[in-house]
Amino acid sequence: MKVANESWLDGLNNVLMSIIGSINGLLWGQVLIYLLVGVGIYFTLRLGFIQIRQFRHAVDVLKSGKNIENGLSSYQVFCTSMAARVGTGNMAGVAVALAAGGPGAIFWMWLIALFGMSTAFVESTLAQVYKVKDVDGQYRGGPAYYMEKGLGMRWMGTLFSIFLIIAFGLVFNAVQANTITDALNHSFGFDETIMGVIIVAASAFFIMGGLRKVAEASSRIVPVMAVGYLAIALVVVIMNITELPGAIALIVKSAFGWQEAAAGGVAYTIAQAMQSGIARGLFSNEAGMGSAANVAASATPNPNHPASQGFVQMLGVFADTIVICTASAAMIMLSGVMDQPDAASGIGLLQQALTSELGGWTAYFMAAAILLFCFSSIIANYSYAETNIMFLNGNTKKGLLAFRLLVLAMVMFGSVTSLPVVWNLADASMGLMALINIIALILLSKLAFKVIKDYEVQAKEGKTPVFDRSKFPELDELDGAWHPKDAKVAKTTE
């Protein structure tokens with residue numbers, strides 16, 4: 001009887017894997033890549049390459065919003081979104097892209113990040129426009145909110161919230177915990193159960209404190225992990241500085257098949273490079289998926305205009321893909337380990353590169369990097385889900401404690417168990433979530449362009465941009481954070 005039950009369960013698991021695999025293949029292999037790339041190009045053209053024109057201004061906005069008296073600053077929100085964006089995908093994902101598409105994949109990763117910056121700008125601006133205050137006076141918003149308030153489609157926002165909660169709130173957090181315990185077990189022999197308990201306790205400390213506690217933790221963890229990782233990458237680059245021009249040339253040549261032209265099969269090589277680079281870039285920076293927009297809405301912006309957070313969030317895409325992913329690619333390519341017959345795969349390739357360049361001690365560095373990258377993702381992912389739980393409950397804390405306990409249970413589950421069908425389900429949930437968000441972005445893009453133009457006009461006139469709702473009659477019925485009775489300019493502190 002036991003054998004029969006196991007056989008039945010195995011059969012069910014195989015069927016589920018097949019169905020979910022087909023959904024993921026359709027979403028991530030075709031539909032989402034075309035949609036996200038297309039939307040990114042469209043927004044870039046409509047906004048006049050704002051990610052290039054206003055890059056320096058975006059940096060100034062981020063710096064000016066570092067400290068505020070009340071609420072969350074733009075800097076804290078930036079760090080929280082970076083905590084969720086930056087993970088093992090920036091290490092293992094880059095290695096996978098290089099292995100599957102060659103050096104040319106990095107070029108296409110850069111290009112999709114450039115277009116994705118404009119998409120992140122639009123979704124974060126809309127998140128700010130339609131944000132509201134919860135029972136504690138904390139700003140809440142994101143795709144679910146602009147779907148309900150901007151499109152009048154609460155059902156759409158509900159679907160988005162459910163998919164996000166499944167993917168980011170539950171399963172991805174289990175995946176991050178699994179990555180931590182697996183890495184520490186293989187590197188140092190640490191017991192996975194004991195490490196799981198420690199991760200759960202540390203996660204509970206932050207997520208039980210709510211969004212503000214998560215933002216405070218992220219603003220401390222993210223700079224440390226980013227600076228440390230980039231410093232190691234810089235050392236490797238300096239050690240191989242004479243090889244750098246050749247590596248850059250190889251990336252460009254491989255992207256267009258020039259490197260392989262003499263050997264034939266150019267079309268296949270270009271296709272592989274494009275697919276690998278675009279897919280990994282989109283998955284890494286999350287532009288257009290609607291995830292980072294949830295925390296973008298929580299910022300108390302300075303200046304007092306929705307578009308200010310759009311500037312900040314487009315920097316997140318730049319930092320994630322063009323800076324951190326490039327650092328990973330540089331370490332792998334300059335070390336030459338890809339050409340070795342015993343080259344590892346995934347994150348092992350990056351570890352092999354560091355070991356060959358800097359020695360065995362880098363195993364400890366990689367363990368620390370994985371720990372920081374994954375743990376920060378756990379608490380930041382939770383913050384995304386918390387906002388959507390509150391959306392479903394009318395911006396009240398009803399059921400929030402139960403959800404936090406469920407998140408911690410999933411972290412423990414992930415620490416000791418690996419269940420592929422669950423991980424694939426999370427990919428499907430995120431894909432459906434992204435699809436819904438793209439539709440909403442297209443439908444609300446006209447308003448987003450108008451809001452962004454209003455900001456730029458004021459800035460060009462030398463004014464500090466301030467949002468005036470009277471300029472936007474389509475928002476007359478909106479009762480939210482920008483309502484005249486609630487809108488106040490944030491006071492900055494030195």
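I began with the aromatic rings and counted 20 aromatic pairs, where rings of Phe, Tyr and Trp (its six-membered ring) pair if their centres lie within 6.5 Å, with planes under 30 degrees apart taken as stacked, over 60 as edge-to-face and the rest as tilted. Phe-121 and Phe-311 form an edge-to-face pair, because their ring centres are 4.7 Å apart and their planes stand at 75°. Phe-121 belongs to helix H6 (residues 104-129) and Phe-311 to helix H14 (residues 307-335), so this pair ties together parts 190 residues apart in sequence; helices here are DSSP runs of H or I, at least four residues, numbered from the N terminus. I noted that Phe-121 and Phe-311 are both buried, meaning under 20% relative accessible area, with exposed over 50% and partly exposed in between (1.4 Å probe, protein chains only).

The model is predicted, with local features needing pLDDT of at least 70 and side-chain atom pairs pLDDT 80 or more, while totals for chains, interfaces and linings use all residues. Residues are numbered from 1 along each chain as its sequence is written, and side-chain values use heavy atoms, leaving out hydrogens and water.

I then looked up another ring group, and found Tyr-42, Phe-43 and Phe-449 linked into a cluster by ring pairs. Val-122 touches Phe-43 and Phe-449, among others, not counting residues up to four places away in sequence, contact being heavy atoms within 4.5 Å.

Phi of Glu-286 is near 65°, whereas Glu-286 is buried at 5% relative accessible area.

Conventions
Helix = DSSP H or I, 4+ residues; strand = E, 2+ residues; numbered from the N terminus.
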